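Welcome! Here is a short tour for anyone meeting this structure for the first time. Please take a look at the model, and then read on.

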Amino acid sequence: MSNIYYHNPKCSKSRAGLDLLNQKGIDFTIKEYLKEPLSSTELAQVFNKLNMLPSQVVRTKEDIYKELDLANKTLTDQEWIQVIIDNPKLLERPIFVTDNSAVIGRPTEELENFLNTLV
């Protein structure tokens, strides 16, 4: 199983999720998505595993969201993906991805509940 944890070390929720994964002894790879942006294909796979649209995984309180006036734009899924590629801070965090599914680990209880279903 190849588990990936999309992580922002500056985010307290992301750090808490990382601690939880380590406490549970889960094998995973950390990907700091602000340093290593996801490709269009990777993002599409993540959204598919989350069973969410790209627009549902955007941080609407980020300044860049407001600066780009995204609340007043109608974008296709591919356009949302490109916006996230261009502005990775907009991606909700943290995200834990397994081979078949994924979860946004915010709050940390969501990640814990997800991990309990894997056992």
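Predicted model: local features only at pLDDT ≥ 70, side-chain atom pairs only at ≥ 80, totals over all residues.

Helix α2 (residues 40–50) packs against helix α4 (residues 77–86) at an angle of about 115°, and their axes lie 10 Å apart. The crossing of α2 past α4 is right-handed.

Which residues make this contact? On the α2 side they are S40, L43, A44 and F47, and they meet Q78, I81, I84 and I85 in α4. Sorted by class, the contact of α2 with α4 has six nonpolar and two polar residues, with no charged residues.

## A cavity inside

How many cavities of 30 Å³ or more does the structure hold? There is one. The volume of the largest cavity is about 40 Å³.

You can find the largest cavity by looking for the residues that line it: Y33, P37, L38, L43, I84, I85, P88 and L91. This lining has eight nonpolar residues, and no polar or charged ones. Some names return here from the helix pair: L43 of α2, along with I84 and I85 of α4, belongs to the contact and also to the cavity lining.

## The whole protein

Stepping back, the protein has five helices and four strands. Read from the N terminus, its elements follow the order β-α-β-α-α-α-β-β-α. The radius of gyration is 14 Å, close to the 14 Å that the globule rule gives for 119 residues, so the protein is as compact as a globular protein of that length. Along the principal axes, its C-alpha atoms fill a box of roughly 40 × 25 × 25 Å.

Technical notes:
Residues numbered from 1 in each chain as written. Heavy atoms only, no water. Axes fitted to C-alpha atoms, helices over the stretch in contact; angles between N-to-C directions. Helix = DSSP H or I, 4+ residues; strand = E, 2+ residues; numbered from the N terminus. Left-handed = near helix turned anticlockwise from the far one by under 90°. Contact = heavy atoms within 4.5 Å. Nonpolar A, V, L, I, M, F, W, Y, C, P; charged D, E, K, R; others polar. 1 Å grid on protein atoms, 1.4 Å probe; cavity = no way out; pocket = protein on both sides within 12 Å on 5 of 7 lines; lining within 4 Å. Points joined across faces, edges and corners; volume = space filled by probe spheres on them. Rg over C-alpha atoms; globule rule 2.2 N^0.38 Å.
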